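Please work through each task before reading its solution.

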Amino acid sequence: MTPTILQRLADVVGAAHVITDDDTLAGYLADWTGRWTGVADAVVRPRTTEEVAAVITLCAADGVSVCVQGGNTGLVGGSVPPAAGDSPTLVTIVLSTARMTDLGDVDATGRCVGAQAGATVAAIDRHAASHGLRFGIDLAARESATAGGVVATNAGGIRMIRHGNTRSQVLGIEAVLADGRILRRWSPLIKDNVGYDLPGLLAGSEGTLAVITEVLFALVTPPAATTVAVLAIDRVAATTELIAAASRRGLIVEAAEIMTAAGIDLVHEYGARRPVAEPAPFTFLIEVSGSGTVDEELFAAIEGIDGVRGAVAEPGPATALWAARETHTESIARSTTTPVVKLDVSVPIRALPEAFDRFTVVPADLGVQGRPILFGHVGDGNIHVNYLDVPCADEHRVTEAVFAVVADLGGSISAEHGIGRAKAAWIGLGRTDVDIVAMRTVKTALDPQNLLNPGVLFG
């Protein structure tokens, strides 16, 4: 990168926010999993939408690639720049939204709030809670995952069964197009049916169409009280049976999470308590709300389910019960001897029992080393497939085997983390040729120089 472009970028954001020092750069060039590392000439940290627009205008004029990065908590390599030799240009910057953390006033009547792209999920939720509302998106990485990141990946999380994915929480969006123009579709209207749903298009686009700078999020009214129950169960199917039974009894399912015995053993090894004393192949966490005797209705629903070995319940938020689920990712990262093969997939809910059976034996079937830890959002068919200690030479074979199962069951190779770089080679498993051509046409129309997150989504 020439001193001239560096100086022009510094003129926009301030010299302190154009980072070229190798040691400082390193923290922006590797993803959370440790599997993906890229190369960039500088990290640029704008503060406002106008500064982002000025940065993108300069980059477009000089043919500089831009990798947009929020909390860098993604799992598919989409938030780090390309590796050496993979970028279509000779120069790449990381555009970090770390300084863009402002939150707007909460509209308590319209139940919405504006948030800059760098504001964390937890910060948005705390801001909403101060006005008696909550953010409908929740995930274990809430303290670091950002507004721009969850929109760009259309994140799901633990409350998706109740409130839907991120796209369904987006009322409006502000973004900078690849040529530096600012797009602002910003309206708290519940009904606004004029033309294409551009905010919906940008949700899930993984930074390939525009740089998201601010989002107008819908907020939700929290339940007055919830009950969290954890069950030791013999069968995966018992989870969906209980969800249906609880719903029939008038309960609202706020969250539904499944874990395996191997996962519970692992998190217990790293300090989490075992939520249920009885050992079982699976542990199921369900959080419900409703009016009247919620506890009684929930236990009445549980009594009708075969294969329940034991159950314990506490009033929400029941942080100690939730800890067994929320410490999975951290415990997995600490335990493995190689970068974890992390595959976020979904299958039809009816196929969950078969999927758990088949995913568990993938390494053994291939004759390779690998410890399976499976968990996920059972209410929407989302399984987080993790294999620990897999030799690097076998990662591709393991991934292909899992995706073959997903395709056979009619599932998706990406449930909530996007395609990124990790899954680009397999996008054809989830989309037809015509579908991919249509998506590429949109990409080319909005980013004709292919400067925004090159290599992400399409490879």
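Helices (H or I, at least four residues) and strands (E, at least two) are DSSP runs, numbered from the N terminus. The model is a predicted one, in which local features need pLDDT of at least 70 and side-chain atom pairs count only at pLDDT 80 or more, while totals for chains, interfaces and linings use all residues. Residues are numbered from 1 along each chain as its sequence is written, and side-chain values use heavy atoms, with hydrogens and water left out.

**Exercise 1. Describe the surroundings of I413.**

Step 1. Locate the residue: I413 lies in the loop between α15 (395–408) and α16 (433–446).

Step 2. Buried means under 20% relative accessible area, exposed over 50%, and partly exposed in between (1.4 Å probe, protein chains only). I413 has a relative accessible area of 6% and is therefore buried.

Step 3. List its contacts, where contact means heavy atoms within 4.5 Å. Apart from neighbours within four places in sequence, I413 touches D344, V345, F403, V406, I419, K423, W426, I427 and L429. For F403, 10 residues away along the chain, the C-alpha separation from I413 is 6.3 Å.

**Exercise 2. Determine whether H17 is buried or exposed, and identify its side-chain partner in a polar contact.**

Step 1. H17 belongs to the loop between α1 (3–13) and β1 (18–19).

Step 2. Its relative accessible area is 18%, so H17 is buried.

Step 3. A polar contact is a pair of N or O atoms within 3.5 Å; within protein, one must be able to donate a hydrogen and the other to accept it, and residues adjacent in sequence count only if both atoms are side-chain atoms. The side chains of H17 and R99 form such a contact at 3.5 Å.

Step 4. With neighbours within four places in sequence set aside, the contacts of H17 are V43, V44, R45 and R99.

**Exercise 3. Classify the packing of α1 against α3, and of α9 against α12.**

Step 1. Axes are lines fitted to C-alpha atoms, for helices over the stretch in contact, and angles run from 0 to 180 degrees between N-to-C directions. Angles under 35 degrees count as roughly parallel, over 145 as roughly antiparallel, 65 to 115 as roughly perpendicular and the rest as oblique.

Step 2. The axes of α1 and helix α3 (residues 49–62) cross at roughly 165° and come within 9 Å. α1 is therefore roughly antiparallel to α3.

Step 3. In this pair, I5, R8, L9, V12 and V13 of α1 meet E51, A54, V55, L58 and D62 of α3.

Step 4. Helix α9 (residues 261–269) packs on helix α12 (residues 328–335) at about 80°, with the axes 9 Å apart. α9 is therefore roughly perpendicular to α12. G263, I264, L266 and V267 of α9 make this contact with H328, S331, I332 and S335 of α12.

**Exercise 4. Examine the backbone at N72, N154 and the bond from G316 to P317.**

Step 1. N72 is not a glycine, yet its phi is positive, at about 55°. N72 sits in the loop between β3 (65–69) and β4 (92–96), and is buried at 13% relative accessible area.

Step 2. N154, also not a glycine, has a positive phi of about 50°. Its loop runs between α5 (147–153) and α6 (160–163), and N154 is buried at 12% relative accessibility.

Step 3. From G316 to P317 the peptide bond is cis, with omega near 15°. P317 is in the loop between β13 (308–315) and α11 (319–326).
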